[in-house]
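Here is a briefing on one chain. Please look at the sequence and the model first.

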Amino acid sequence: MVGGAYLIYLGIHGLRAQPRVVDDIVFATGAVKHRSNISALVIRRGFFCNVLNPKAPVYFVTLFTLVLSPDIPLWQLSVYGMWMMVLQMAWFSTVVMLLSLPVVNRRFQRSAHWVDRVLGGAMVILGINVILRRG
């Protein structure tokens, strides 16, 4: 129930997303500073922020309750867990590579609120589904 409520909470925030102001001057002039000296620190900080974030486990446990049954053997759960880690690594790596391209980043910034709204709606539906199945 708590996981479903949390998904609904996240979804409502996504549905309320507003357009962001995109600074075209930065993209046009290439005024983005490259900080190769601290890039490893930034990557490490981002990694630990994601690994230690309690939202990710709550999200996945909530989602797994929809698709996994309690009768699944431990080895199969382990395979699913490893597969999810591989998918997450591939997804975040792809997002970082794409969003590091100025033209892709600019387009994403202009339409990010629509992405947030669509995914917010999906989370609300998932949250309601979790609550109705477990309630």
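What share of the contacts in the chain with a separation of 6 or more comes from residues 24 or more positions apart? Such residues account for 88% of those contacts, where contact means heavy atoms within 4.5 Å. This is a predicted model, in which local features need pLDDT of at least 70, side-chain atom pairs count only at pLDDT 80 or more, and totals for chains, interfaces and linings use all residues. Residues are numbered from 1 along each chain as its sequence is written, and side-chain values use heavy atoms, with hydrogens and water left out.

**Overall build**

- The chain has 6 helices and 0 strands. Helices (H or I, at least four residues) and strands (E, at least two) are DSSP runs, numbered from the N terminus.
- The order of elements from the N terminus is α-α-α-α-α-α.
- Of the 135 residues, 16% count as buried. Buried means under 20% relative accessible area, exposed means over 50%, and partly exposed lies in between (1.4 Å probe, protein chains only).
- The accessible surface comes to about 10,400 Å². Carbon and sulfur atoms hold 71% of that surface. Areas come from the Shrake-Rupley method with a 1.4 Å probe; for residues, only the protein chains shown count as cover.

- The chain has 1 aromatic pair. The rings of Y6 and Y9 have centres 6.3 Å apart and planes at 25°, so the pair is stacked.
- Rings of Phe, Tyr and Trp (its six-membered ring) pair if their centres lie within 6.5 Å; planes under 30 degrees apart count as stacked, over 60 as edge-to-face and the rest as tilted.
- Both Y6 and Y9 belong to helix α1 (residues 2-15). They are 3 residues apart, about one turn of the helix.
- Y6 is buried, at 19% relative accessible area. Y9 is partly exposed, at 48%.

- H113 sits in helix α6 (residues 102-134). H113 is buried because its relative accessible area is 8%.
- Neighbours within four places in sequence aside, H113 contacts A17, Q18 and P19.
- The charged end of R117 sits over the ring of W114, 4.6 Å from the ring centre. The rule asks for NZ of Lys or CZ of Arg within 6 Å of the ring centre and within 35 degrees of the ring normal.
- R133 also lies in helix α6. R133 is exposed, at 51% relative accessibility.
- R133 and T65 are 68 residues apart in sequence. Their C-alpha atoms are 9.3 Å apart.

**The N-terminal residue**

- M1 lies in the segment before α1. M1 counts as exposed, at 54% relative accessibility.
- M1 and V130 are 129 residues apart in sequence, yet 7.0 Å apart in space, C-alpha to C-alpha.

**Nonpolar patch**

- F47, F48, V51 and L52 make a nonpolar surface patch of about 440 Å².
- Patches are made of residues with over 30% relative accessible area and no salt bridge; like charges are joined within 9 Å, nonpolar side chains (Val, Leu, Ile, Met, Phe, Trp, Tyr) within 5 Å. A salt bridge is a side-chain nitrogen of Lys or Arg within 4 Å of a carboxyl oxygen of Asp or Glu.
- L52 lies in the loop between α3 (39-51) and α4 (55-67). L52 is exposed, at 65% relative accessibility.
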